[in-house]
Amino acid sequence: MSDTLTITRDLPFPPDRVWRAIATGALMAEWLMPNDFQPVVGHRFQFRAPAVAHWNGVTDAEVLQVDPPRVLSYSWNSSGDEAATGIRTVVTFTLTANGKGTTLRMEQAGFREDQTQNLNGAAYGWQRFLAQLETVLAR
């Protein structure tokens, strides 16, 4: 069994604009984390953040799906000081035009039952990241 975090936001911006912000490495760095992302299926990349207790600040990832401007998916492999703290999940963004802009659905799937703390941390983190995304989109 595994758990999935799902966050949905209605954004007052067209799907193409939202797509650019979630699928361009330099823009992702502004709202998510510095990275070497490329929107190419199979591309392996990293997100980097300052290290904290039980996390070295590195998230290894691989692009799994690119369907502009609708779906972007990548693996998310964070490891900490202990193997048990590792998070191996899949992040998927789905964009849908809604008449007023775009409905953005973000899912992070694959949290193990023993990773409730990681799931809760991800929920907090993604709310913050998506708020920063809206700031980037508004510019």
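Me: What share of the contacts in the protein chain with a separation of 6 or more comes from residues 24 or more positions apart?
Reply: This is a predicted model, in which local features need pLDDT of at least 70, side-chain atom pairs count only at pLDDT 80 or more, and totals for chains, interfaces and linings use all residues. Residues are numbered from 1 along each chain as its sequence is written, and side-chain values use heavy atoms, with hydrogens and water left out. Contact means heavy atoms within 4.5 Å. For contacts with a separation of 6 or more, residues 24 or more positions apart account for 50%.

Me: What is the strand order of the open sheet?
Reply: Strands here are DSSP runs (E, at least two residues), as helices are (H or I, at least four), numbered from the N terminus. Two strands pair if DSSP finds at least two bridges between them. The open sheet has 6 strands with antiparallel pairing, in the order β1-β6-β5-β4-β3-β2.

Me: Why is one side of β1 and of β2 left without a neighbour in the sheet?
Reply: β1 (2-11) and β2 (44-48) stand at the edges of the sheet. One side of each is left without a neighbour because each has a single partner strand.

Me: At about what angle does helix α3 run to β1?
Reply: Helix α3 (residues 116-138) lies across β1, β4, β5 and β6. Axes are lines fitted to C-alpha atoms, for helices over the stretch in contact, and angles run from 0 to 180 degrees between N-to-C directions. Against β1, helix α3 runs at about 20°.
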